[in-house]
Amino acid sequence: MADILEVNGRKLRLVKGDITDLEFESFVYYARHDLALGSGFGTAIAQRGGPEVQGELKRLGSLQTTDVVVTSAGGMKAKYIIHAVGPRFQEEDLENKLRTTIRNSLKTAEDSGIRQVAFPPMGAGFYGVPLETSAKLTLETIRDHLSGDAKLTDVAVCLLDDRELKLFRECFASLGNA
Amino acid sequence: MSNNNTRSHRAHKVIERMGKKLNRQMVGSLVACVHCGMCTDSCHYVLTNPGDPTYAPAYKADQIRKFFKRHYDWTGRVLPWWVKARSLYTDEDLEQLKDTVFGKCTNCRRCTVNCPMGVDYPTVNRMARGLLVSVGIMPEGVAVVSKDQWEIGNQMGVLKEDYLETLEWLSEELEGELEDPAAVIPIDKMDADVVYSINPREVKYDPRTISDAAKIFYSAGENWTMPSEGWDMTNFGLFSGDDDLGGAVARRLYDKVEELRGKKLVISECGHGYRSTRCEGQNWGKVDVGFEMESSVVTMLRYIKEGKIKVDKSRNTQPVTFHDSCNNARSCGMTEEPRELLSLVTTDFREMYPNRAENYCCTGGGGAMSMSEYTPRRLKSAKVKADQLAATGATVVVTSCHNCVDGLGDLIKHYKLNMQVTQLVNLVANALVVEKKLAVAVPVMPTEAAAPLAGVTILVADDEPDFVTFASTVLEDNGATVLKAYNGNEAFAIAHSGKPDLITLDISMPGKSGTEVFEELRNDPALKAIPVCIITGKPELRKLIYERAVLPPEGYIDKPASEEALLLNVRRILDHVHHRTSA
């Protein structure tokens, strides 16, 4: 089964790996309100990206849920990091907020002149959004965006393990048939 | 606020989710308690806080039981006043519950084995932790570690390149020590008979356990490998109560073993890792695995019994005792194998009382080591364990659990016991009679061998002049240039002026503490890249590791530090940094 879907001449693909070590122009980091990198992917950004990223984040202050900002990626393979503050831990109106966060990430990337964005399974894992919900909302929102007048040419969803990949593939297949 | 104006959204979600977590085992434990008090004296928290009933397992269970009864048991719905049923209403109620389920229980299950009704309070406690985690209420350390394991794939945020570099370095060391090019740590070897999985603490802070295990596999002639990914056999889902995390972590490991077509998964000495991987992971992950799983304790014992390795117990003559990890002994029934192994590799074993399934917790279990806000409680409750250890008269306590190594290490320092903590793998490796299998000409590099730290500048910061003298001598004998600081202010100033390649930092110093110095170093653009090796046994270290305002230290060494441990860690850190900067 192909893990690439062409939408309106743009690519939407599934890849497996560590999103912070991906050869892609930019990736989305599911950020905290205070923009502190914290642990998890934040550890990887701090270690691989170096102090530059944290320096930029300190100047940006804090954000509300669904807000998105872009920084450089320091010494990482990517050039930019899109810091998106998504909903977490069963909070109210979670699905709408998650959709908005994904849309804002796509739009902010385009406004910054970025052409390639990799997304993690948004909100899944530590922040507790069920993987099925994350797959549906992440893939549908990206597909809908690419179907319109998008400037992005290539969007990936980067899954960490086979469990995530399998579920996203199932959702991806139904996306192609929709 | 949620459905109505009387209950917070989070409280509503906790109650709602509880319904999905109730199975027969859970309900049995929630309804069967008759408050007989048998559990009370089983709990190390109760024994050290005799005047405080809030530590009693039955009381703690009641804090969960009351909202179970109010919402899921007919008695509480019809007669709430009679059965003391009460709902959860506010976020403050949830915070109080957090204090009980994370801060007053290590899920050691000692109360369970003493309950005549079969109530398994720690299982209920774990469920309550999971309910709170699902709405984002948890100690900061639990959040940090969980996120690392979800996203990096291991509890300590060890990046793949760092893990592989450490194994490569250990492999080269092993090859040199055994003078055999075949003495290596194989990575991702297909069709191996043994796939060896470890605790990330081993990579980050205790690499000797890996090289000792490698030496044993080599001597046994084992066809073995270590995976490049999915190598972490620990599972914070057991501690946080997050079954989704538990399942995801277990499946990463299982999937990797299957990808490598490994015949057996051997789990290094870690109590919760063993329980999670061997006993719980398949349920959490909703999978069946097609390979065997075994504790490395059993593997080592088997090698000796089958004559695959030879050991000389006269190399371990110090008086030793054995601490049973709660997860190994009470939850998995592994009590005799470690004792049998100890009898084969040591000469002076002294039993601890009570022992086996009745042994007391190291008091650092259940994730307690990551929750620094509860450290004073933990160390107070550790008095029971300290008395137990002291009564043995042993100078070494052996345990088959990395978490217990840390928990015991902390309490030994706190109660000033004259003891060291070690693991079976270290004792077996020390007793190992290695037969060199191949005589090969190894290129000699005299300069490097004579002075492996030549050209390196190291700042030794410690307020104990004896330690500074010891460390300086060891490091200078190996070619390093040593700068010395005797307090925190001096350490920071010399770090600036001397720009060392590495800093060994004591945490307890006059003036600025080592913790403050460490955070300032990490936040100083000119100094943040200098690797730091913390040298201490103080519990404050946990805060640096688990509650990460800054990147954690590159290594740590317990005091009293041996020459071997100091050199091994310093060389590992420097080699690691060299790899990173030259990449």
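Just after helix α17 of chain B, Gly307(B) takes a positive phi of about 75 degrees. This is a predicted model, in which local features need pLDDT of at least 70 and side-chain atom pairs count only at pLDDT 80 or more, while totals for chains, interfaces and linings use all residues. Residues are numbered from 1 along each chain as its sequence is written, and chains are lettered from A and ligands numbered from 1 in the order in which they are written. Helices (H or I, at least four residues) and strands (E, at least two) are DSSP runs, numbered from the N terminus.

**Helix α17**
- Seven of the ten residues of α17(B), which spans 296-305, are buried, so the helix is largely enclosed by the rest of the structure. Buried means that 20 or more other C-beta atoms, placed from the backbone, lie within 10 Å of the residue's own.
- Among those buried residues are Met300(B), Leu301(B) and Tyr303(B).
- Their cover includes α13 (208-220), β3, β4, α19 (336-345) and α23 (424-431) of chain B.

**The sheet**
- Four strands of chain B form an open sheet in the order β2-β1-β3-β4, with parallel pairing; strands pair if DSSP finds at least two bridges between them.
- At the edges are β2 (224-225) and β4 (292-295) of chain B, each pairing on one side only.
- β1(B), residues 194-197, pairs with β2(B) in the parallel sense over two bridges, and Val194(B) stands opposite Trp224(B).
- Helix α16(B), residues 271-285, packs on the sheet and touches β3 (264-267) and β4 of chain B. Its direction makes about 160 degrees with that of β3(B), where axes are lines fitted to C-alpha atoms, for helices over the stretch in contact, and angles run from 0 to 180 degrees between N-to-C directions.

**Where chain B meets chain A**
- In chain B, 23 residues are in contact with 20 residues of chain A; contact means that C-beta atoms, placed from the backbone, lie within 7 Å.
- α1 (9-21), α10 (140-151) and α15 (243-259) of chain B each supply at least two residues of the side that touches chain A, and α10(B) gives the largest share, six residues.
- That side of chain B divides into eight nonpolar, five polar and ten charged residues. Here Ala, Val, Leu, Ile, Met, Phe, Trp, Tyr, Cys and Pro count as nonpolar, Asp, Glu, Lys and Arg as charged, and the others, Gly among them, as polar.

Key: Two residues are in contact if their C-beta atoms, placed from the backbone, lie within 7 Å. A residue is buried if 20 or more other C-beta atoms lie within 10 Å of its own, exposed if 12 or fewer, and partly exposed in between; C-beta atoms are placed from the backbone.
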